[in-house]
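This briefing looks at a few selected residues and asks how each one sits among its surroundings. Please keep the sequence and the coordinates at hand while reading.

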Amino acid sequence: MLDPKLSRVLYIDLTHRRFEVRERPELFTFSLGGTGVAIQLLAEECPPGADPLGPENPIVFAVGPLTSLFPLASKTVAMFKSPHTGNLGESHAGGRSAIALREAGYGALVIRGASDMPVYLAVHGPQVFFRDASALWGMRSCFTVGRILREVEPKAGLRTIMRIGQAGENLVTYAGVTTETYRHFGRLGLGAVFGSKKLKAVVISGRRSIPVSSAREYREVYDEIYTASVESDLMRKYHDLGTAENVLPLNELGGLPVRNLQAARYEGATQLSGEALAEHYLGRRLSCAHCPIGCIHLAALREPYEDEPYFYKTSMISYDYEPLYALGTMLGGQDPVGWLQLMDEVETRGLDALSTGVVLAWATEAQERGLISEKETLGLRLTWGDYPTYIAAVQHITARTNEFYRALGWGVDFAAAQYGGEDFALAFGGNEMPGYHTGPAAHLTHLTGARHSHLDSAGYSLDQKVLLKQRQSPQEVAAALVKEESWRQILSSLVVCFFARRIYRPEMVVRALSVAGFALGEEDLFPLGREILRWKVAFKEREGFDLETLRIPQRILETPSPAGPFDEAFLREAMRHYRQEVTAHPS
């Protein structure tokens with residue numbers, strides 16, 4: 001390993017307000033960084049059975065050996081015990097967080113304990129400061145918190161500012177952490193873990209160069225990756241329309257979840273499509289640090305002030321496919337202005353957009369079916385596409401106003417267990433459904449994946465391949481999903497954006513790692529990816545996760561999918577094969 005500072009881990013103790021740096025070369029030499037290092041640190045630091053909202057639950061941030069060297073290797077992995085699922089919490093975010101952590105001189109950061117008063121951390125290279133955050137605690141908008149910290153902390157342009165909103169302070173279990181305003185550690189409740197520790201924000205800055213083994217080889221590999229990023233068709237869709245481009249193709253395919261997945265094609269898809277937003281609302285594109293693509297799309301929403309009808313405010317609101325699904329089609333919305341206003345409220349409060357949308361969709365159908373009434377909703381009548389009412393509901397969820405909204409703040413699994421409607425409560429392993437109803441492989445990804453996310457093993461892609469040939473057996477589907485997720489452990493250990501997975505193929509990864517000082521061959525990568533996946537599954541099972549007893553929402557079996565009908569028996573058999581594949585040790 002060429003850069004010795006990659007192996008440095010910064011440990012911060014919030015309880016005693018202490019910190020130390022340890023050299024951990026054994027972690028990075030074998031596990032590269034990112035996911036591979038983070039899962040080992042989490043297993044070390046988190047006692048079995050720890051309360052996810054207790055001081056014993058650590059927060060781990062980790063970056064990889066390609067961070068600060070190559071384009072599109074600019075994400076940070078966060079790991080923690082999830083308060084939302086009770087087992088592995090893993091979330092990735094772009095922005096500047098990875099570059100800031102690496103250039104501050106660390107490969108990983110571990111935050112232990114809990115403060116007795118609101119604080120934020122400022123890590124400026126070797127210096128660590130515990131700052132009083134009492135004045136920031138309780139602010140309505142996490143955007144305002146970011147603006148304040150930008151003014152009071154040094155190193156503009158070289159730093160990352162990660163912070164929570166009111167949802168995290170109030171321990172909503174799907175609260176996220178916002179970084180650089182438009183990027184997030186969104187899923188599985190990192191914001192609530194911050195809140196439980198009275199940790200309002202983390203600021204990190206650094207300015208150091210990263211060594212390479214050969215300047216000439218580095219230039220050659222860098223230029224190849226950069227050229228593939230900006231001149232080929234591989235990444236063009238992410239720049240032009242972003243993932244919002246997926247709305248219309250998925251709708252045409254019949255894989256777009258609508259009104260709590262009561263349907264998979266939507267008459268209002270055009271209004272919420274990437275094409276419509278780009279034509280009428282696109283205000284700006286942004287990139288993460290060290291990325292030339294510009295996949296972050298910001299809509300400009302211009303609204304008059306209530307008391308000054310001739311004066312307008314313009315809000316810049318990020319959008320992509322997942323929130324368009326969750327807060328749009330899933331809620332039966334067709335009004336892009338209403339969708340943008342709801343999205344802005346969700347972002348302001350610091351919630352995960354996907355979980356919020358699925359929770360609201362379940363609540364809307366539950367009220368339609370008479371499982372809940374306006375007594376529980378405090379007078380709100382949840383109706384498909386009624387954005388002002390959904391905005392009011394989000395405010396109640398964030399404030400945890402009564403027992404019903406407290407239940408919604410624990411997620412759709414918990415709420416359905418209290419009020420009924422489990423058959424249409426669309427959560428997988430406790431995490432709300434991503435926006436793909438393409439067939440059995442997509443839902444197996446949601447069920448088996450370490451994060452219960454479409455980004456785990458890309459089953460939606462496998463479903464679409466099946467449309468072109470004979471359907472696969474449960475064993476074949478499971479083997480394909482394990483193979484894909486194992487490779488993704490390598491990408492998330494580097495840490496490479498999954499959008500660049502067609503650029504960072506095994507041969508390119510080996511060359512880039514060689515420049516960074518790692519002597520690995522393609523034959524080494526796949527077994528390592530499988531091993532990292534095995535560590536993650538072992539942590540989940542240590543904390544009580546069991547594929548055999550996992551609830552399968554019946555709604556996914558009832559609504560037709562593009563890949564054709566499938567039943568629970570097919571999914572259960574594939575899940576058994578999946579676990580056997582993951583846990584089997586290579587001969």
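The side chain of histidine 437 reaches the backbone oxygen of proline 560 at 3.5 Å, and that of threonine 559 at 2.7 Å. The model is a predicted one, and the points below are grouped by residue.

**Histidine 437**
- Histidine 437 lies in the loop that runs between strand S17 (431-432) and helix H17 (440-448).
- With a relative accessible area of 0%, histidine 437 is classed as buried, because the cut-off for that class is under 20%.
- Apart from neighbours within four places in sequence, histidine 437 is in contact with Gly254, Gly255, Pro257, Leu261, Ala264, His443, Ile556, Thr559, Pro560, Ser561 and Pro562.

**Arginine 159**
- Arginine 159 belongs to strand S9, which covers residues 159-163.
- Although arginine 159 is buried, it has no salt bridge, and the nearest side chain of opposite charge, that of glutamate 153, is 6.7 Å away.
- The side chain of arginine 159 does, however, reach the backbone oxygen of glutamate 153, at 2.4 Å.
- Beyond its neighbours within four places in sequence, the contacts of arginine 159 include Arg96, Ala100, Leu149, Arg150, Pro154, Glu180 and Val203.

- Phenylalanine 311 is placed in the loop between strand S14 (296-304) and strand S15 (312-319).
- Phenylalanine 311 counts as exposed because its relative accessibility is 51%, the cut-off being over 50%.
- Together with Tyr305 and Tyr310, Phe311 forms a nonpolar patch on the surface, and the accessible area of these residues together is about 430 Å².

Conventions
Residues numbered from 1 in each chain as written. Predicted model: local features only at pLDDT ≥ 70, side-chain atom pairs only at ≥ 80, totals over all residues. Heavy atoms only, no water. Helix = DSSP H or I, 4+ residues; strand = E, 2+ residues; numbered from the N terminus. Buried < 20%, exposed > 50% of the residue type's maximum accessible area, 1.4 Å probe, protein only. Lys, Arg positive; Asp, Glu negative; His and termini not counted. Salt bridge = Lys/Arg side-chain N within 4 Å of Asp/Glu carboxyl O. Polar contact = N/O pair within 3.5 Å; in protein donor to acceptor, adjacent residues only side chain to side chain. Contact = heavy atoms within 4.5 Å. Patch = residues over 30% accessible without salt bridge, like charges linked within 9 Å, V, L, I, M, F, W, Y side chains within 5 Å. Areas by Shrake-Rupley, 256 points an atom, 1.4 Å probe, with all protein chains shown as cover.
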